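Thanks for making time this morning.

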Amino acid sequence: MGGRPSSPLDKRQQQHLRGQVDTLLRNFLPCYRGQLAASVLWQISRELGPQETAGCQLLHSKKLPRVREHRGPLTQLQGHPPQWQPIFCVLRGDGRLEWFSHREEYENGDRPLGSMVLTGYTVLTSQSEYLHLLDTLCPESSGHHTQEEPDPLLEMPVSFPLFLQHPFRQHLCFSAATAEVQRAWRLALQGGIRLRGTVLQRSQAPAARAFLDAIRLYRQQQGHFGDDDVTLGSDAEVLTAVLMRELLPALRAQILPGLRGAGRARAWAWAKLLDAVHAAVLAGASTGLRAFQPEKEELLAALEKTIRPDVDQMLKLRERVLGRLQANVQGPLESCLRRKVDAQLPRVTQTLLSTVEAELTAVQTLLTQGMDRLSRHLRGSRSSTQLRKEVYSFGEMPWDPELMQTCYREAEWSRGRLGQLAEPFGFFGTQSLVFGAQDLAQQLMADAVATFLQLADQCLTTALDCDQAAQQLEKVRGRVLKELPEFEGDVLAVGSPALTIEGIYEDVIRGVLLQRIDRELKKALGASNMSCTLDGCSELPRDQAETDVETEVQRGTCSRQPGSSTEV
């Protein structure tokens with residue numbers, strides 16, 4: 001990176017940041033405690049409730065989400081003054097990036113020169129695009145590059161760059177030897193970024209669900225309605241992102257003017273300063289959440305003991321309260337929805353549905369190619385060793401970034417359409433939707449692969465010759481492909497019961513919205529000749545239309561009632 005910031009964090013600034021983190025935790029943890037109770041109730045009610053017939057019979061893969069370990073030589077811009085230096089880089093399976101001076105240091109298990117968790121980063125492979133981004137960090141000094149601080153990026157054009165940019169963390173600048181190496185690293189890094197970003201969204205634990213709901217409620221208390229990408233990352237990383245967004249205006253006003261340098265060197269200094277602030281906030285948030293962990297575990301255990309015996313009574317109480325609230329707000333709510341939602345709902349549905357349809361089509365195509373490849377090898381190869389290799393490769397398809405890119409890029413291509421939701425709805429969670437669609441593609445591929453392999457294992461015996469075995473695989477292939485369309489409706493369904501007045505009130509609004517969404521989905525899915533199963537479905541972030549309605553009702557416009565590895 002560039003020169004050091006002229007205003008490093010002194011003791012007073014560090015103490016100020018600790019106070020900011022303490023204030024955040026003091027205001028946030030009560031929300032978290034309350035949502036833990038709601039989340040435990042939700043989980044128990046689902047466990048004890050009637051089990052709906054599953055719309056899709058694919059097995060659930062037991063393999064945990066991961067990225068393939070990827071390693072190889074790169075060059076990195078580092079040092080003071082910064083210079084391009086050769087390194088050996090390793091992307092771990094948990095999405096952590098490490099770099100060493102030499103390959104031997106990695107093989108000997110030595111400590112890396114540096115490491116970075118990839119949460120929140122973006123990969124850029126265009127030098128001009130990255131330089132433009134640097135210019136926007138300090139717009140008042142854009143274009144003023146002094147002779148006394150030469151720009152190494154301009155002095156040495158990079159043919160195959162890999163720039164890792166983060167809004168609050170240190171930028172990482174790498175360069176690959178060839179376009180092929182650059183592409184392989186780009187896909188691997190993007191997989192690591194997504195893995196780290198969606199850790200809470202993928203979790204089925206009540207605490208994860210409670211945390212995400214608590215973040216939403218806390219931000220609403222701060223006046224922030226709508227959805228964005230602040231919930232990407234671990235719990236400590238999410239809290240850090242929330243506070244960094246609150247601190248950024250003051251940092252820009254108080255510290256940015258005092259940084260020495262000009263142009264991009266000044267932008268580098270600003271990025272390093274933000275990295276220091278982010279590190280201090282992250283350390284404080286991590287410490288605070290660790291201190292809360294014993295209390296959280298005790299609270300979850302106590303909630304389990306108190307809620308489970310009385311869950312029937314609690315749910316009946318919830319239904320009574322919900323009925324009273326719904327009777328009071330139904331008329332004004334319907335009026336709000338007709339004015340604010342009905343005209344926009346078809347557009348939102350088609351935007352989301354087209355993304356999911358493209359993802360599922362790509363998954364189906366890739367899965368079909370993999371199964372056909374296995375059948376061909378079974379018919380044409382007499383080598384059991386080669387067949388075992390093909391079966392292993394087939395089982396690894398969900399974790400192969402090159403193969404899965406044909407599915408992931410469908411979500412990337414839809415980014416522009418999803419971005420169109422920002423202006424009319426105030427929705428800025430495009431990255432979360434893209435990651436969610438890509439996670440869906442990977443999980444669906446993993447489930448389909450696991451199902452195919454298990455069914456194949458059951459039907460293939462040593463008594464079958466190659467042609468007979470291939471015929472059996474064809475039958476299994478047909479069964480697996482038949483299940484894939486059932487997932488489409490599951491992706492677009494929502495629901496969140498909670499036994500608090502605020503939670504029940506929110507469910508009244510959500511329930512009426514769901515009726516409209518259900519009707520619109522059925523129309524859209526019927527037009528595209530795709531099946532839809534909406535019961536027992538996963539949750540998608542609510543769009544701004546729902547938030548607008550909820551806000552309007554609460555403001556009084558509508559009456560409210562109180563209350564494996566690769567190397568390149």
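Helices (H or I, at least four residues) and strands (E, at least two) are taken as DSSP runs, numbered from the N terminus, and on that basis the protein chain has 20 helices and 8 strands. This is a predicted model, in which local features need pLDDT of at least 70, side-chain atom pairs count only at pLDDT 80 or more, and totals for chains, interfaces and linings use all residues. Residues are numbered from 1 along each chain as its sequence is written, and side-chain values use heavy atoms, with hydrogens and water left out.

With buried meaning under 20% relative accessible area (1.4 Å probe, protein chains only), 49% of the 568 residues of the protein chain are buried.

Now to the rings. Rings of Phe, Tyr and Trp (its six-membered ring) pair if their centres lie within 6.5 Å, with planes under 30 degrees apart counting as stacked, over 60 as edge-to-face and the rest as tilted; by this rule there are 10 aromatic pairs. One of them joins phenylalanine 28 and tyrosine 218, edge-to-face at 6.3 Å centre to centre and 85 degrees between the planes. This pair links distant parts of the chain, since phenylalanine 28 lies in helix H1 (residues 11–48) and tyrosine 218 in helix H7 (residues 206–221), 190 residues apart.

Why is the pair of tyrosine 32 and phenylalanine 211 edge-to-face? Because the ring centres are 5.5 Å apart and the planes stand at 80 degrees. Here too helix H1, with tyrosine 32, is linked to helix H7, with phenylalanine 211, and both residues are buried.

Conventions:
Buried < 20%, exposed > 50% of the residue type's maximum accessible area, 1.4 Å probe, protein only.
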